[in-house]
Protein chains: 2
Amino acid sequence: MLKRRLFTPGPTEVPPETLAAGARPILHHRKKEFGEIYTETVNNLKKVFVSEGEVFVFASSGTGAMEAAVTNFTSPGDKVLVIESGKFGERWKQLCGVFETDVNLLECRWGSSADPAEVEKILKENPGIKAVFSTLVETSTGALHPIEELASVSSSAGALLIVDAVSGLGCDRILTDEWGVDVVVSGSQKALMTPPGLGFICVNSRAAEVYRENNRKNYYWDLRKASKSLEKFQTPYTPSVNLIAGLLASLESINSEGMENVWARHRNLAAGTRAGIEAMGLEIFPENPACGLTAVKIPTPEKIGSGFVKHCQDRYGIVFAGGQADLKGKIFRIAHMGYYDELDVIKALAAVEAGLRDLGERDVLGRGVKAALEVFTT
Amino acid sequence: MLKRRLFTPGPTEVPPETLAAGARPILHHRKKEFGEIYTETVNNLKKVFVSEGEVFVFASSGTGAMEAAVTNFTSPGDKVLVIESGKFGERWKQLCGVFETDVNLLECRWGSSADPAEVEKILKENPGIKAVFSTLVETSTGALHPIEELASVSSSAGALLIVDAVSGLGCDRILTDEWGVDVVVSGSQKALMTPPGLGFICVNSRAAEVYRENNRKNYYWDLRKASKSLEKFQTPYTPSVNLIAGLLASLESINSEGMENVWARHRNLAAGTRAGIEAMGLEIFPENPACGLTAVKIPTPEKIGSGFVKHCQDRYGIVFAGGQADLKGKIFRIAHMGYYDELDVIKALAAVEAGLRDLGERDVLGRGVKAALEVFTT
């Protein structure tokens, strides 16, 4: 008997209460009972986005919500700036390309974060950029982007800031309205502690004017139609009623903890994880690590490489994520976003220690765990 | 205490085993365990479509899968023929319009079914039509379209037949490969007895050539990318892992009953429902009714109208669907698609009888139930 424990940056572990809420008998989406659940869900999501803007829920993955952002806030030929520092910045680039915008690209080394001064410079040198696309947390590298500063330079240049916070919302601090972030995209399966299958978009009033006037043809992702339905607390097409019932249970848990406390918990989990990793003599991959996941350099890729993640899974039931693309075999990623507490981090670190020893990499038993416990007890 | 019972044509009641399977701990979508579930799911779906073609699963509603069909099998300017005989034919028309095809429209009176001879004539008079869009069952009217015949005339004219079987798959007979239906779209929340949130597309080899060569830009719905992922039993973007785990439980139940038996069960339920309705002196709305739902004319719309559905729900917990658009207050719809048996039909008919009496429309207590039982016991 081996308990399977997900430490992957999406999907993540889900509270049993949420799974139970999602297993309730089916509700009809056009009846009052579902309307009440949906109203509560949207109101709870606003607290998580820290926004008074409109929040839309799609039956889709997070990528679907990203497509909705590109198709509702840009038209073919629009000049945009895409910040690419990993797999998900690359996804913005691909989407903006497929939907025929004129893409300016700021390529950052994987593991680095965008420099607001550089973004400001590009926006000045290229007048007429309509939107800047960034990620909050680049899941592929574990790097956090400086969204508050990016919002400031974008707004000064008259550009919308559109942020993929699929990773990050609910673990890394984002004050959508206060910082002036125009559009924030997210999904259910990461720090929001819900099974995958729901995509979200939060839109402030400045951005709402853009989608209302946008002339690109749209159907499934059409926010104008979604906005009309939202007035009646409905969706244009059949919503994922059970996933939404589950989501509401998780959102109520998040909001009863309170966003400041949720962020503080994740800061603490990240600090403990990093201290543990460093006490093992391992190196954190990103320069500016996020609070929702910790990407770690595999010390001897030629020796243990991708085998490390597989070993921890097979031997200890702990599922980490490996590296993607060029980082395959070079990093592993420990997620602590959502339904995770201090002793979860201890389990993960213990598996890292044991795995390193099993594979003959190094013997650091107890060192990471001790360092993390020191963080947690001070 | 009033038990709530859905008799709505989507979402429908879901077996407790499916809800339980959907509440299992989260699986990571890139790991072997999910790959096995997904392989089984796709193989089971093929049996339900009665097809050896490719089957794709989207995190989306059925409408999302319809959008995927339009965007993968047509390019802007392509000539298409849309059969419109209700709300969902209208959706094909809207989608084909938004995605800039050149739409020929065959408008049929709501409640009627398409005449294959008329479709044949239109295809002859308008050479170059690339695809014909139909519904299997027009949920808004309860009408069944003659898909086998439509496939034959479409194929003779060199056009693809693309069928919305969101309503119908798993209750009304469709032999995708044998009849030569090129593309069949469906969703999880009707006869497939699963919560909403999954869209499906089944594609035969003739249609596969079309999407492979199609030059329309696509991202979330891109079947070329989905096909590549499917070879590894994956999806391009995070799939709804828990809904898929639930779906698999329902599909296994469906396939262990066997498709011929599933269709026979629905024929029987439909026959019992119709006999009961007619024994109450009420009239079936569509000319060629489907097996998955029965749309019934409200005898005195000016007197009981939309209040009838509301009364049955409030007083007896039985949730019927009312009419949509022009049919509002004029019909009500009893769904018996998916997880329904004979005694479910009896409950529904009893509520109709009681509701008619409560509202002073007519006193037919026992008549519908008796007629249905006669069907079920012979």
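Colleague: Where in chain B is B:Pro11 found?

Modeller: B:Pro11 is in the loop between strand E1 (5–6) and helix H1 (16–22) of chain B. Such labels are DSSP runs numbered from the N terminus, with helices being H or I over at least four residues and strands being E over at least two. This is a predicted model, in which local features need pLDDT of at least 70, side-chain atom pairs count only at pLDDT 80 or more, and totals for chains, interfaces and linings use all residues. Residues are numbered from 1 along each chain as its sequence is written, while chains are lettered from A and ligands numbered from 1 in the order in which they are written.

Colleague: What kind of peptide bond joins B:Gly10 and B:Pro11, cis or trans?

Modeller: That bond is cis, with omega about -10 degrees. A cis bond also joins A:Gly10 and A:Pro11, again with omega about -10 degrees. A:Pro11 sits in the loop between E1 (5–6) and H1 of chain A.

Colleague: Why is A:Val50 called partly exposed?

Modeller: A residue is buried with 20 or more other C-beta atoms within 10 Å of its own, exposed with 12 or fewer, and partly exposed in between, the C-beta atoms being placed from the backbone. A:Val50 has 18, so it is partly exposed. Its phi is positive, about 50 degrees, although A:Val50 is not a glycine. The residue belongs to the loop between helix H2 (32–49) and E2 of chain A.

Colleague: How many residues does each chain bring to the contact?

Modeller: Chain A brings 43 residues and chain B 42, where two residues are in contact if their C-beta atoms, placed from the backbone, lie within 7 Å. On the side of chain A that touches chain B, the largest share, four residues, comes from H3(A).

Colleague: Which strands stand at the edges of the sheet in chain A?

Modeller: The open sheet has seven strands in the order E2-E10-E9-E8-E5-E3-E4 (chain A), with mixed pairing. Strand E2 (54–59) and strand E4 (102–107) of chain A each have a single partner strand, so one side of each lacks a neighbour in the sheet. Strands pair if DSSP finds at least two bridges between them.

Colleague: What makes strand E9 and strand E10 of chain A a pair?

Modeller: E9 (residues 183–187) and E10 (residues 198–203) of chain A share five bridges, in the antiparallel sense. Within this pairing, A:Val185 stands opposite A:Ile201 in E10(A).
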